[in-house]
Amino acid sequence: ARMVEASSSQAGGESEADVSSYLKTDVKGWRAGALADVTGGGSFGLAHAQIIDGQFTLIAKLGGLPDPADGYFYEGWLVKRGAELSVISTGRAVRADEDWYLNVFRSPTDLADHDFYVLTLEPDDDNPAPAEHILEGAIK
């Protein structure tokens, strides 16, 4: 419930629609976190974050996800936990190939304090608040 109240737009950032080139990005040395399926299913993922050329960059690689039903999509979120809760949409996760979805987000704002990633399944209803949590994990 607190995440719904604290959700905001993309903080001046943008999600990447053409993500296939990010599948092979060398993320060695980036902050990273394993993403666990909180639905009891078999989905999984890794989120990586780094400041590159003055831009905060997030690459979340998501596997084992079924294609969403018509009228639904996957959306990523960066969360700053604690008393000053902040939730920022990282945009839609898109299918990169037959095995992977990717959520790629870049922002001129340093969002390193947003160290928790959530992937949600969203109805395409123009409601900007996060919906059903699918994957979650801390980025360290």
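## Strand β10 and its partners

Leu 78 has Tyr 117 as its bridge partner in β10. Strands here are DSSP runs (E, at least two residues), numbered from the N terminus. The model is predicted: local features need pLDDT of at least 70, side-chain atom pairs count only at pLDDT 80 or more, and totals for chains, interfaces and linings use all residues. Residues are numbered from 1 along each chain as its sequence is written, and side-chain values use heavy atoms, with hydrogens and water left out.

β6 and β10 run antiparallel, joined by 8 bridges. Strands pair if DSSP finds at least two bridges between them. β10 and β11 also run antiparallel, with 6 bridges. There, Leu 121 has Glu 132 of β11 as its bridge partner. Of the 8 residues in β10, 7 are buried (under 20% relative accessible area; exposed is over 50%, partly exposed in between; 1.4 Å probe, protein chains only).

## The nonpolar cores

A nonpolar core is a set of buried Ala, Val, Leu, Ile, Met, Phe, Trp, Tyr and Cys residues joined through side-chain atoms within 4.5 Å. The largest has 21 residues. Leu 58, Leu 62, Tyr 74, Leu 78, Tyr 117 and Leu 119 touch the most other members. β5 (55-63) is among the elements giving two or more residues. β5 gives the most, with 4 residues. Another core, of 7 residues, lies apart and includes Trp 30 and Leu 102.

## Ser 15

Ser 15 sits in strand β2 (residues 14-15). Ser 15 is partly exposed, at 29% relative accessible area. Its C-alpha atom is 7.2 Å from that of Arg 92, 77 residues apart along the chain.
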